[in-house]
Structure formats: C-alpha cells, structure tokens
Amino acid sequence: MCLDESTLIRLVAGELGDEQRRACVEHVQVCHVCRQKHAELAATWDLLGQWPAEAPRRDLSGAIVAQACRRQSPRRWASVAAAVLIAGGAGVAAGILAPAPPAAVAHQNVSTEQLVQAIGLDALGDQSLALAGLFPSSVPTTLGSEEGQP
Amino acid sequence: MRALAAGDMNALATLAHRHQQAIRAIAYRMTGRWDLADDLTQETFLRLHRSASSYQPTAAFRTFVHRIVVNLALDKARGPRVAGLPDDMVAPDAAGADTPLAHQEKLAAIRDAVAALPERQRMAVILHRFERLNHQQIAEVTGWSASAVESLLVRAYQELRQRLKEWL
C-alpha cells in the first residue's frame with residue numbers, strides 16, 4: 001500500500017522515528033509511485049532551502065526599547081530624550097574644548113552602562129537602560145593614564 | 001521574562017537582540033518585504049513587553065514569541081494588500097546582486113511561489129521548511145489542529161511542486 005503524502009513529507013523533513021523511517025525507505029525503494037513522489041518532494045524541499053532570508057544587517061533592539069519606553073510613559077520618555085540631548089551636547093562641547101590627547105594615551109572600550117553612568121543618566125533609574133540600544137555596545141575612548149605611568 | 005515583567009528594559013533589549021533575526025526572517029518570508037518585516041518584528045517585541053507580566057512559562061519561550069509574530073503576520077496578510085515596491089527598492093536576498101542571473105531568477109521563482117500560497121498554507125510552509133518546526137510544534141505555535149496542519153502542508157507542497165516544476 002502506498003504511503004500517504006503527509007508521511008512522505010515527514011520522511012523528507014526528517015520527522016519520522018527510526019523504525020517508521022526504515023519502513024518507509026524500504027517501501028519507497030520498491031514502489032515506483034512513491035519513489036517518484038518522494039523524489040519530487042525531496043527536490044522541492046531542497047529547492048526551497050536555497051531561498052535565504054538573511055536580512056540586510058540591522059539591529060532593531062534599540063528602536064524596540066525606545067518605542068516600548070515611549071508607549072509605556074511618554075512623559076518620562078521625553079525627559080530621557082531631553083537628557084540624552086543635553087548629555088550629547090555637553091559631550092560635543094567637551095570634545096571641542098578639551099586639549100588634544102597625548103600621543104601615547106592608552107585606549108580602552110567603555111561599556112554602555114559605564115557611558116550611561118558617566119553622563120549622569122543612571123539617575124533616571126530603569127529608564128536609563130532604554131538608552132542601551134542608542135549606543136554601540138562599547139565605545140572606544142581615550143580614558144586612562146598614559147602608558148607606562150601609574 | 002521575569003526581569004522584563006519587573007520593568008527591566010535591558011531585558012527587552014537582550015531578548016530583542018537574541019531573537020530578532022529569527023523573527024525578522026519569518027516576517028520577511030510572510031510579507032516579502034524587509035520594511036514590513038522590520039515593522040512586524042518591532043511590534044512582536046512590543047507585544048512581548050506588554051504581555052511580560054502575564055507570561056506563564058508553560059511553553060518554550062521560542063514558541064511564545066513565534067506565536068506573536070505568526071498572529072501579527074497572518075493579520076497583516078489578511079488585511080488590505082500592500083502595494084509592492086518597485087524592484088529596485090526591494091532589498092536583494094542575501095545571495096546578493098553578484099550571483100548569476102539564473103540563480104536570481106530561481107530565487108525569485110521560489111519567492112513568488114511561496115507568496116502565491118494562501119496565507120495559512122504559506123505560514124505552515126514557512127514554519128515547517130524554514131524554521132524547521134515539526135507538525136506538532138506548528139500546531140502549538142499557530143493554534144491550529146494537528147490535522148489542519150497536516151492538510152495545509154500537503155496542499156502547500158503540492159502547489160509548490162506544481163509552480164516550481166521547471167526548477168526541479
């Protein structure tokens with residue numbers, strides 16, 4: 001008796017247990033009709049597998065968190081956004097006014113949490129975490145002392 | 001999810017970071033457009049956020065997230081049809097623009113054949129072939145009966161075999 005279509009689909013997809021699989025394979029080998037159907041299904045399965053769905057690389061987590069904060073509490077979100085703008089402006093100003101770093105300054109990566117603390121946004125509590133997605137996971141900066149000095 | 005329910009937005013960022021690519025892939029295959037896929041992905045995690053406090057870990061977390069995106073994507077598919085973008089505005093598949101023309105044509109044929117399936121068949125095939133969920137898992141994610149899943153998959157693969165005949 002021929003295998004039903006659903007069993008053939010499970011066979012191709014590797015969903016059958018060992019015993020059932022063995023029985024089906026044995027049948028397919030001797031039944032011309034099932035062999036033909038199995039071959040077509042397997043070819044379709046393989047062909048579909050050639051369709052990739054690798055997105056143009058994009059991390060949505062920052063946008064998701066920002067939107068969740070906005071929906072949760074629009075007023076608090078506005079205060080967080082304002083704090084970001086102020087902190088960003090201060091950072092730019094500090095960058096302009098600061099003297100050029102010495103040539104041998106050690107570079108280190110600063111985590112998002114450190115950055116949030118450094119610009120005083122941790123005072124906003126949980127909402128400051130919403131900013132995590134707005135920064136890269138670590139920020140190369142020039143904190144630290146000159147190489148070779150304590 | 002416990003941390004998220006307690007208001008820890010870092011937990012949302014972590015979950016989104018970890019699962020977004022899988023969710024985007026389902027949404028893309030269902031809608032055929034990356035911009036819509038991004039919208040559905042964001043909405044999936046926003047719903048996850050909203051439901052965090054009532055979340056019961058009775059099913060695997062992956063099943064829970066899949067369930068959200070499946071419902072959103074099916075709603076989208078049932079809604080008014082979105083006008084397609086001109087070809088040059090549709091992001092190329094990962095195979096890229098440098099691949100031979102024949103291969104591009106083959107990918108387009110696969111994409112069109114899947115897009116032409118009725119929405120429930122399309123979703124069943126996407127979960128089965130691309131997400132590698134078995135019949136039982138598809139039933140859990142979609143809420144359809146096991147026999148409905150079986151029949152949807154049989155009809156979908158028959159249809160695909162027919163439409164893709166020249167590429168087999």
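Two residues are taken to be in contact if their C-beta atoms, placed from the backbone, lie within 7 Å. The structure is a predicted model, in which local features need pLDDT of at least 70 and side-chain atom pairs count only at pLDDT 80 or more, whereas totals for chains, interfaces and linings use all residues. Residues are numbered from 1 along each chain as its sequence is written, and chains are lettered from A in the order in which they are written.

By this criterion, the contact between the chains takes 34 residues from chain A and 43 residues from chain B. On the side of chain A that touches chain B, two or more residues each are given by helix 1 (5-13), helix 3 (32-48), helix 4 (61-72) and helix 7 (126-129) of chain A, helices being DSSP runs of H or I of at least four residues, numbered from the N terminus. Helix 4 of chain A provides the largest share of this side, eight residues.

Val69(B) touches Ile23(B), Ile26(B), Ala27(B), Leu40(B) and Thr44(B), when residues up to four places away in sequence are not counted.
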